Amino acid sequence: METRIFENLGVKSSLLGFGCMRFPLDKNGKIDEPLAEKMMDRAMAAGVTYYDTAVPYHDGNSEPFVGRVLEKYPRESYLLATKLPCWNIEDKSDVRKLFDTQMKKLNKDYIDFYLLHSMDLQKFRKMVKLGVIDECEKLKAEGKIRFFGFSFHDNYEAFEEMITYKKWDFCQLQINYMDQNDQAGLKGLKLAESLGIPVIVMEPVKGGQLAVLPEDVKTPFEKIDSTKTPSSWALRWVASQPNVKVILSGMSDPAHVEDNLNTFTNFKPLSKEEFAAVDEVMKNLKARVKNGCTACRYCMPCPAGVDIPGNFAHWNSYGMYENRQTAIRSWKNGMPEEKQAKNCIGCGKCESVCPQHISIRDDLKKVQATFDELMKG
């Protein structure tokens with residue numbers, strides 16, 4: 001198993017981390033515990049030492065399940081990560097209450113990697129104002145937290161403010177070959193490296209979007225090695241970036257575990273030729289977008305309440321990846337009915353201000369038709 005050393009922390013971890021938010025489910029929509037436990041056992045036996053969970057994962061059931069499974073193993077044999085649910089904090093006294101509840105659920109005496117969960121700039125400034133970071137540092141001083149960091153979802157400017165606020169032990173970023181310039185992106189990865197702050201990567205396969213690619217898109221991969229899965233290419237691309245210490249993979253099937261173990265047990269950084277293949281695949285995907293919406297939002301607000309750029313984002317994503325299940329889940333969870341394209345009244349106000357000169361009204365009809373068809377099954 002490929003490993004990485006956190007030089008600033010004096011800790012070694014498997015490069016592959018087990019993300020515990022996408023376990024297999026039983027017929028009732030709960031964690032299929034026997035199967036999920038076998039998957040964790042298989043990963044542990046193969047040398048995976050980093051396990052990442054959080055309060056909201058699996059409707060609150062991930063932490064207690066992960067804690068139970070890890071009871072079988074010596075505490076020093078693995079690194080456990082979980083996160084402070086910052087959205088539940090209104091006073092700094094809430095920090096210890098929430099942390100103590102997590103410790104009970106996990107049945108552990110300490111957490112190796114503890115994160116402020118899902119930070120954007122607004123939430124981060126609130127945590128600073130409330131003294132939450134100081135409270136977490138107290139928990140660290142007491143030995144209840146070994147290493148303290150944050151997971152991030154905002155733009156680069158927000159990341160720059162957060163990462164330079166203090167000397168963090170680590171940070172967690174969303175990085176994959178399709179999101180090189182999104183959120184903190186590769187620019188943020190480079191900044192963290194310059195500050196001596198190691199990075200843990202989440203969403204290396206873009207929530208599964210890069211795991212199954214249209215046949216015409218993945219041709220550059222097939223030409224080099226037809227035995228490697230799209231997921232392995234995505235993971236190796238991230239692993240070939242500097243200062244990446246752990247790559248989290250949310251595995252929901254034993255086959256995912258085996259594929260990832262194969263990638264990281266026989267790990268090889270991408271060659272120059274392979275980097276070029278990834279670039280070609282990325283270009284192939286971007287060429288499949290349905291329209292040129294840049295989410296500039298000049299078209300908003302819509303008089304009818306339609307989230308125009310939001311609708312186009314879902315449509316373009318489906319156009320690129322053609323991942324039906326992901327598209328349906330994203331549409332259901334991320335596009336409220338009152339904001340859907342079907343509510344367009346055809347007034348044309350949006351088209352008069354669109355810098356891209358998109359035929360918005362016609363495209364909104366296409367968006368709704370696409371997702372109505374997908375939802376039929």
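A cavity here is a set of points, on a 1 Å grid over the protein atoms alone, where a 1.4 Å probe fits but cannot get out, and its lining residues have an atom within 4 Å of a point. Grid points are joined across faces, edges and corners, and a volume is the space filled by probe spheres set on the points.

The model you're looking at is predicted: local features need pLDDT of at least 70, side-chain atom pairs count only at pLDDT 80 or more, and totals for chains, interfaces and linings use all residues. Residues are numbered from 1 along each chain as its sequence is written, and side-chain values use heavy atoms, with hydrogens and water left out.

**Exercise 1. Describe the cavities and their linings.**

Step 1: start with the count. Searching the whole structure turns up 2 cavities of 30 Å³ or more.

Step 2: take the largest cavity, with a volume of about 110 Å³. It has 15 lining residues, and those nearest its centre are Cys-293, Cys-296, Cys-299, Cys-354 and Ile-358. Helix H12 gives the most to this lining, with 3 residues.

Step 3: sort that lining by type. You get 12 nonpolar, 2 polar and 1 charged (Ala, Val, Leu, Ile, Met, Phe, Trp, Tyr, Cys and Pro count as nonpolar, Asp, Glu, Lys and Arg as charged, and the others, Gly among them, as polar).

Step 4: move to the second largest cavity, which holds about 80 Å³ of space. Of its 14 lining residues, Cys-302, Pro-303, Ile-308, Cys-347 and Cys-350 lie nearest the centre. This lining splits into 10 nonpolar, 2 polar and 2 charged.

**Exercise 2. Track down some salt bridges and place their partners.**

Step 1: get the idea. Side chains of opposite charge can pair when their charged atoms come close. A salt bridge needs a side-chain nitrogen of Lys or Arg within 4 Å of a carboxyl oxygen of Asp or Glu. The whole structure has 28 of them.

Step 2: look at Glu-37 and Lys-72, whose side chains meet at 2.8 Å, N to O. This pair links distant parts of the chain, 35 residues apart: Glu-37 sits in helix H1 (residues 33-45), and Lys-72 in the loop between helix H2 (62-70) and strand S5 (79-84). Helices (H or I, at least four residues) and strands (E, at least two) are DSSP runs, numbered from the N terminus. Together with Asp-41, Glu-37 and Lys-72 form a network of salt bridges.

Step 3: Asp-363 is buried at 9% relative accessible area, while Lys-366 is partly exposed at 45% (buried means under 20%, exposed over 50%, partly exposed in between, with a 1.4 Å probe and protein chains only).

Conventions: On a 1 Å grid over the protein atoms alone, a cavity is a set of points where a 1.4 Å probe fits but cannot get out, and a pocket is an open set with protein on both sides within 12 Å along at least five of seven lines; lining residues have an atom within 4 Å of a point.
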